[in-house]
Amino acid sequence: MKKLSFHPLTWWIFSAAVAFAIARVNSPVFAIAAVGVMSVIVFTQRDDAPWGRSFNATLKLSVWIISIRAIIGVLIGVPIPGTTLFTIPTLPLPSWMPGIRIGGAVTLERLSSSISEGIIICAILVVFGAAASLTSPHRLLRVLPVYVYEFGISVVIATSVLPQLVSALSRIRMAQRLRGQKTHGVKAFKRIALPLLEESLARSLDLAAAMDSRGYGISKKRSKYRPIKWARIDVAVVIAGLAVAGLS
């Protein structure tokens, strides 16, 4: 499928509208459908760039979040009556924590409620992760108003950390494999985590420092060099997103 060129704000507005609809509908089926639509859009329209490859990491992170939410819902939470699946030994809690318990009977309703909440939370995360994967942070910065340049620098840091994280992870793992080290397991994670975090944050902060040193935001007049204009396809996508949010 041919890739189309979109305005940098198009997918962010569309994703915000879809995330609002997911929160309003509050249904795991609708959330999964929204994730499926956004996944198709990302895999067909993303660029071969660090920000485009970050969507896979967002999906993996979402799976971990759902798993952790399900485990927490099983071990800790408010008891929900229903069909008992299994029972976990109960740990006593102080009297000032009424209605909450650790362990006890795990019902089908309690487990499904935890998974449903996790799916809705992760769906919102994936939707915004899709927007970050479809938009270059540099092009996004160009269309932001100059008078909010400090906010613009923060946006560049926030939207470029995950893509840089994915690229740095690939480079660090390749370097460790060349040294004959294992790249999987708990020990490998310890060797990767610190340089990974340090490199990804350093690259994002270096970009922000370069922008500041070049006087970004000093002039209140927007440069007319290669302006990015809205096209009909951008308007159509934004209207579609707003329609989904309005009908939810």
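Hi everyone, let's start with a crossing: helices α2 and α3 cross in a left-handed way, meaning that the near helix is turned anticlockwise from the far one by less than a right angle. A quick note before going on: this is a predicted model, where local features need pLDDT of at least 70 and side-chain atom pairs count only at pLDDT 80 or more, while totals for chains, interfaces and linings use all residues. Residues are numbered from 1 along each chain as its sequence is written, and side-chain values use heavy atoms, with hydrogens and water left out.

Back to our pair. The axes of α2 (residues 28-45) and α3 (residues 54-75) come within 11 Å and cross at roughly 155 degrees. That makes the two helices roughly antiparallel, a label for angles over 145 degrees. On the α2 side, Ser-39, Val-42 and Phe-43 make the contact, and on the α3 side Phe-55, Asn-56 and Leu-59 do; contact here is heavy atoms within 4.5 Å. By class, that contact has 4 nonpolar residues, 2 polar ones and no charged ones.

Now please look at the loop between α1 (10-25) and α2, where you will find Asn-26. Asn-26 is not a glycine, yet its phi is positive, about 55 degrees. Asn-26 counts as exposed because its relative accessibility is 53%, and the cut-off for exposed is over 50% (1.4 Å probe, protein chains only).

Finally, confidence. The chain has a mean pLDDT (the predictor's confidence in each residue, from 0 to 100) of 77, and 74% of its residues reach 70 or more. Where pLDDT is low, predicted coordinates should not be read in detail. Thanks, everyone!

Conventions. Axes are lines fitted to C-alpha atoms, for helices over the stretch in contact, and angles run from 0 to 180 degrees between N-to-C directions. Helices (H or I, at least four residues) and strands (E, at least two) are DSSP runs, numbered from the N terminus. Angles under 35 degrees count as roughly parallel, over 145 as roughly antiparallel, 65 to 115 as roughly perpendicular and the rest as oblique. Ala, Val, Leu, Ile, Met, Phe, Trp, Tyr, Cys and Pro count as nonpolar, Asp, Glu, Lys and Arg as charged, and the others, Gly among them, as polar. Buried means under 20% relative accessible area, exposed over 50%, partly exposed in between (1.4 Å probe, protein chains only).
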